[in-house]
Amino acid sequence: MGMTDVLIVGAGPTGLVLACDLARRGAAVRIVDRSPAPPRTSRAKGPNPRSLEILDDLGVAEEVLAAGSDPLPMLKYRDRRPVAEADPWADSAPSPDARYGRGWLIAQWRLEGILRDRLAGYGVRVEPGREVVGLAQGRDGGDGGHVDVTYADGPAGRARYVVGCDGAHSSVRKLLGITFEGTTAEDQVMVCGDVDLADGALDRTRWHQWFDEDGAVMLCPIPGTRTGWWFQAGPERDGRGRPLAPTADGFRRLLAHHTALPGRALTRAELLSTYRVNVRMADRFRAGRVLLAGDAAHVHAIAGGLGMNTGIQDAFNLGWKLGLVLAGHADAELLDTYEEERLPVAARTLDLTSERLRATLEAIRRPGGGLDAAITPDTTGLGVGYHWSSLAAGGPAPGAEQPGPRAGDRAPDAPCADAATGERTRLHRVFAGPRTTVLGFGPGSAAVLRETADAYGGDAGVRVCRVYAAHEDRAGAEPGAVVDDAGHAAAAYGTGASGDTGAGTVVVVRPDHHVGVLAPADDARSVREYLRRLHGTGRSAERSPGMVDAVR
């Protein structure tokens with residue numbers, strides 16, 4: 001039985017992002033899904049700004065942007081007449097520290113197709129029709145452990161780690177016996193589907209929302225289609241008030257009842273589903289060598305569109321940690337920081353989405369109210385940080401006045417220029433790819449950067465980048481150095497005066513773009529200790545007498 005490094009169960013956005021991240025690190029990955037073919041679901045409406053940054057890091061953002069559209073203004077109706085229009089994204093624009101000012105509209109099945117293609121580029125393909133029915137964690141001599149995996153049919157498998165990305169009804173979670181505490185609101189029900197409307201029936205530059213006292217219909221055009229729309233509505237109910245299952249004819253009756261369109265304008269309906277508000281969370285995200293991510297770990301109200309996004313961000317937090325443990329650089333304890341960091345984020349997301357749902361249900365009782373009530377700055381994902389984490393080393397105490405990010409925060413982006421060529425670039429391009437980055441601001445940072453490059457240069461997964469102020473002498477700049485020609489990087493990282501004083505600042509940025517250490521440049525020890533925890537002792541330890549330098 002061949003051993004794989006990581007078996008990912010579930011090939012939705014969470015599993016695919018994790019698979020892409022691990023595959024580009026050279027890990028041996030398998031990804032299985034119980035569906036016989038890729039499901040065409042219309043659940044998620046697209047990535048938020050933070051997820052777009054992750055997709056950019058994975059090299060697929062351009063394709064995602066090309067396949068989707070800007071989020072649309074919302075046109076709201078009462079008693080079939082338009083009563084208000086709102087564009088919750090009107091004031092969202094890219095800024096120097098965040099390239100994506102707003103989320104993006106793209107069908108989930110289209111996003112999954114782009115990620116599957118990227119994964120295939122690493123030689124990994126989703127294995128359909130593979131249902132996991134048994135997991136047994138065992139120990140073996142050499143590397144300390146593995147998981148034996150049984151499938152409903154076909155030969156068993158073995159993996160060093162298993163990650164359940166298999167949704168709210170996760171088999172992996174059930175096999176581990178992890179509880180999924182929370183509530184299902186049986187009365188908060190919505191019917192959904194992908195529908196075709198007669199050509200020209202509605203303006204495709206708007207998300208149309210009819211909110212009446214006896215129900216609602218929402219129609220949002222599906223990007224990349226000519227006549228396709230996402231249909232969401234309050235369900236039809238039987239004589240006793242119980243919701244009826246969605247049907248094409250039911251959708252036509254709802255359309256005719258709430259909108260000025262005739263039922264026959266709806267020419268096709270598929271992927272019909274019923275959505276109930278579920279607010280549940282696993283009490284732990286890891287059991288030994290098996291971990292949970294995405295909906296398998298937490299589900300919450302749909303308001304604010306954070307379901308898929310939280311899963312993508314789980315995967316990006318976990319991928320680099322698994323990669324460093326598998327490569328033997330970090331101890332397996334590093335995996336404990338996945339739950340330590342993401343479980344509180346999931347808990348807060350449950351609260352945030354429930355509050356947004358409450359605000360939305362309140363808003364739609366009044367004419368002109370709509371789904372824009374769910375959109376707040378909190379839903380961009382850019383403010384999510386891990387100040388409480390054991391990986392947020394040192395730095396000023398919480399509440400201390402300091403410009404720039406704290407350890408645990410998302411590392412800001414900033415436009416800059418390549419020091420050697422003058423070509424435009426930005427810090428998130430410098431961070432891109434599966435490595436830890438050490439940024440040095442000010443002449444005083446040169447020594448730490450040199451020490452780091454000597455210890456971890458080459459293929460140890462760490463890169464260094466000197467950020468020069470516009471007025472600094474760049475003679476002898478190292479490859480990869482950048483010029484902060486407009487001062488955006490200094491402003492974002494709060495290092496404004498460092499170029500003048502010569503003291504300088506060093507910032508260790510984790511592979512998932514979060515700040516690990518932000519320290520004065522003369523504090524080489526903090527940088528050294530942090531890197532040792534993630535990447536081992538580096539090159540000095542690797543040079544055993546039997547190693548030939550030529551293999552470098």
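Axes here are lines fitted to C-alpha atoms, for helices over the stretch in contact, and angles run from 0 to 180 degrees between N-to-C directions. Helices (H or I, at least four residues) and strands (E, at least two) are DSSP runs, numbered from the N terminus. All views show a predicted model, in which local features need pLDDT of at least 70 and side-chain atom pairs count only at pLDDT 80 or more, while totals for chains, interfaces and linings use all residues. Residues are numbered from 1 along each chain as its sequence is written, and side-chain values use heavy atoms, with hydrogens and water left out.

**View A. Helices H1 and H4 pack together.** Two packed helices are described by the angle between their axes and the distance between the axes. For H1 (residues 13–24) and H4 (residues 108–120), the angle is about 20 degrees and the axes are 9 Å apart. H1 passes H4 in a left-handed crossing, meaning that the near helix is turned anticlockwise from the far one by less than a right angle.

**View B. Strand E8 and its partner strands E1, E7 and E15.** Two strands pair if DSSP finds at least two bridges between them. E1 (residues 3–9) runs parallel to E8 and is joined to E8 by six bridges; look for Leu-7, whose bridge partner in E8 is Val-162. E7 (residues 146–151) runs antiparallel to E8, with three bridges, and Val-149 has Gly-157 as its bridge partner in E8. The hairpin of E7 and E8 has five residues between the strands, and there Gly-154 takes a positive phi near 90 degrees. Three bridges also join E8 to E15 (residues 290–292), in parallel, and Val-163 has Leu-291 as its bridge partner in E15. How enclosed is E8 (residues 157–164)? Six of its eight residues are buried, so E8 is largely enclosed by the rest of the structure (buried means under 20% relative accessible area, exposed over 50%, partly exposed in between, with a 1.4 Å probe and protein chains only).

View C. Rings of Phe, Tyr and Trp (its six-membered ring) pair if their centres lie within 6.5 Å; planes under 30 degrees apart count as stacked, over 60 as edge-to-face and the rest as tilted. Phe-231 and Phe-251 are stacked, because their ring centres are 4.1 Å apart and their planes are at 20 degrees. Phe-231 belongs to strand E12 (residues 228–233) and Phe-251 to helix H6 (residues 248–258), so this pair ties together parts that are 20 residues apart in sequence. Phe-231 is buried at 0% relative accessible area, and Phe-251 is buried at 1%. Phe-441 and Tyr-493 make a tilted pair, with 5.7 Å centre to centre and 35 degrees between the planes. Since Phe-441 lies in strand E19 (residues 436–441) and Tyr-493 in helix H11 (residues 488–493), the pair ties together parts that are 52 residues apart in sequence.

**View D. Arginine charges over tyrosine rings.** A charge sits over a ring if NZ of Lys or CZ of Arg is within 6 Å of the ring centre and within 35 degrees of the ring normal. Arg-130 lies over the face of Tyr-151, at 3.9 Å from the ring centre. The charged end of Arg-466 is over the ring of Tyr-468, 4.2 Å from its centre.
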